[in-house]
Amino acid sequence: MKKKVALLLTAVLLVSVFAGCGKKDEGQKEPTKIPVVTQDVSGDEENLPVEPTVAPKEKVDVNIAAMKGPTALGMLKLMEDAEAGTTANNYKFTIAGAADEITASIIKGDIPIAAVPCNLASVLYNKSKGGVTMLGINTLGVLYIVETGETVQSVEDLRGKTIYSTGKGTTPEYTLNWLLKSAGMEPGKDVTVEYKSEATEVAAILSQTENAVAMLPQPYVTTVLMNNEKARIALDITEEWEALNEGSTVVTGVVVANTKYLTENPDVVNAFLDEYAVSAAYTVENVDAAAALSEKFNIFKAPVAKKAIPYCNIVLIEGDEMKTKASAYLNVLFEQNAASVGGALPEDGFFYKR
């Protein structure tokens with residue numbers, strides 16, 4: 001028994017020494033302590049293990065960014081764990097209100113990992129001549145048809161309607177156009193779409209008009225439903241898209257990496273992806289806790305996040321499935337406006353497969 005106690009004390013001391021050996025940047029959290037595992041050892045003292053066989057791996061600092069919106073929701077648990085110092089590396093998160101706040105830093109590598117809109121990832125890839133790589137899809141569709149009546153039960157029911165929406169000249173317009181065409185309707189002829197500059201304008205129309213029909217993204221859908229008892233979700237754009245376009249889906253957000261950083265630090269990026277997968281699952285499976293974290297990290301207020309998360313299609317899709325889904329969606333955007341994906345469809349090297 002005395003030998004076992006001595007062994008445990010020696011091992012604890014050695015782990016503490018190893019954990020304090022590496023240089024740390026100012027403000028860096030202490031590395032996660034490695035648990036000491038003891039076992040019943042019989043025999044001579046010289047046969048007792050007295051030091052770890054592998055030294056603790058030093059953590060590295062990694063800057064990570066996300067847009068303030070649904071694409072950041074999959075990171076919530078990861079952000080919380082990073083703050084507690086329990087992640088594989090030291091992650092510092094930036095939540096950007098607009099894409100131009102982070103795009104230059106992604107290309108330069110100052111922000112080596114980021115969650116961005118799918119089409120923006122393609123734009124950055126083309127702009128940097130391959131300097132950005134897609135790691136995974138983190139958010140599928142977040143667009144919904146909302147109405148203040150009961151007239152819309154299917155896509156066909158949109159025929160002859162006026163739809164109020166935002167996003168003229170951007171992915172919401174291209175997504176709606178493709179959905180309508182897939183259902184045999186011509187936008188502007190069979191369906192009228194009136195685009196407004198702000199979601200609040202669309203919300204006002206829904207509150208003032210009987211049987212009004214609108215297309216909005218989350219969390220604006222949730223905000224409308226919370227403030228307008230007449231409003232309801234009539235159609236999930238993603239579900240309707242998949243029903244009309246087999247093998248294809250709406251892809252809202254993706255995770256990207258600076259290509260040079262990925263090439264030089266594959267282990268760091270792969271560790272991040274492993275942790276991100278756990279974090280995304282946590283958001284989906286623990287909505288109340290995730291909603292609280294959403295407010296804590298200034299993404300959405302908790303009551304809105306709680307209602308919106310189940311409708312944000314948070315995932316982590318990697319490899320061949322990522323490539324298939326993202327390629328199909330980017331092709332839809334390209335066919336309507338090549339500039340929306342950076343002027344050209346990305347080459348195969350854009351899609352990461354570990």
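## Helices on the sheet

Helix α6 (residues 199–208) lies across β5, β6 (162–165) and β8 (213–217). The direction of α6 makes about 145° with β8. Helix α7 (residues 220–227) also packs on the sheet, where it touches β5, β8 and β9. Its direction is at about 130° to that of β8. Angles run from 0 to 180 degrees between N-to-C directions, and axes are lines fitted to C-alpha atoms, for helices over the stretch in contact. Helices (H or I, at least four residues) and strands (E, at least two) are DSSP runs, numbered from the N terminus.

This is a predicted model, in which local features need pLDDT of at least 70 and side-chain atom pairs count only at pLDDT 80 or more, while totals for chains, interfaces and linings use all residues. Residues are numbered from 1 along each chain as its sequence is written, and side-chain values use heavy atoms, with hydrogens and water left out.

## The five-stranded sheet

The sheet is open, with five strands in the order β7-β6-β8-β5-β9 and mixed pairing. Two strands pair if DSSP finds at least two bridges between them. The edges are β7 (192–195) and β9 (232–236), each pairing on one side only. From one strand to the next, the twist averages 30°.

Strand β5 (residues 143–147) and β9 run antiparallel, joined by four bridges. Here Y144 stands opposite D236 of β9. β6 and β7 pair in the parallel sense, also over four bridges. S165 stands opposite Y195 in β7.

## Around α5

E173 lies in helix α5. Is E173 buried or exposed? At 11% relative accessibility, E173 counts as buried. Buried means under 20% relative accessible area, exposed over 50%, and partly exposed in between (1.4 Å probe, protein chains only). Setting aside neighbours within four places in sequence, E173 is in contact with G167, K168 and Y195. Contact means heavy atoms within 4.5 Å.

K189 sits in the loop between α5 and β7. K189 is exposed, with a relative accessible area of 69%. Its C-alpha atom is separated by 9.3 Å from that of R159, 30 residues apart along the chain.

## Aromatic pairs

How many aromatic pairs does a search of the whole structure find? The search finds eight. Rings of Phe, Tyr and Trp (its six-membered ring) pair if their centres lie within 6.5 Å; planes under 30 degrees apart count as stacked, over 60 as edge-to-face and the rest as tilted. Y144 is buried, at 3% relative accessible area. Y311 is partly exposed, at 37%.

Ring pairs also link Y91, F93, F272 and Y276 into a cluster.

## α2 against α10

Helix α2 (residues 76–84) packs on helix α10 (residues 266–285) at an angle of about 120°. Their axes are 7 Å apart. On the α2 side, the contact is made by L76, K77 and L78. On the α10 side are F272, E275, Y276, S279, Y282 and T283. By class, the contact has five nonpolar, two polar and two charged residues. Ala, Val, Leu, Ile, Met, Phe, Trp, Tyr, Cys and Pro count as nonpolar, Asp, Glu, Lys and Arg as charged, and the others, Gly among them, as polar. F272 and Y276 of α10 also belong to the ring cluster.

## The enclosed helix α4

Seven of the ten residues of helix α4 (residues 118–127) are buried, so α4 is largely enclosed by the rest of the structure. The buried ones are C118, N119, L120, A121, S122, L124 and Y125. They pack against α3 (103–108), β3 (113–117), β4 (132–140), α5, β10 (251–258) and α13 (319–336). Just after α4, K129 takes a positive phi of about 55°.

## The whole chain

The protein chain has 13 helices and eleven strands. Of its 354 residues, 47% count as buried. Among contacts with a separation of 6 or more, 79% come from residues 24 or more positions apart.
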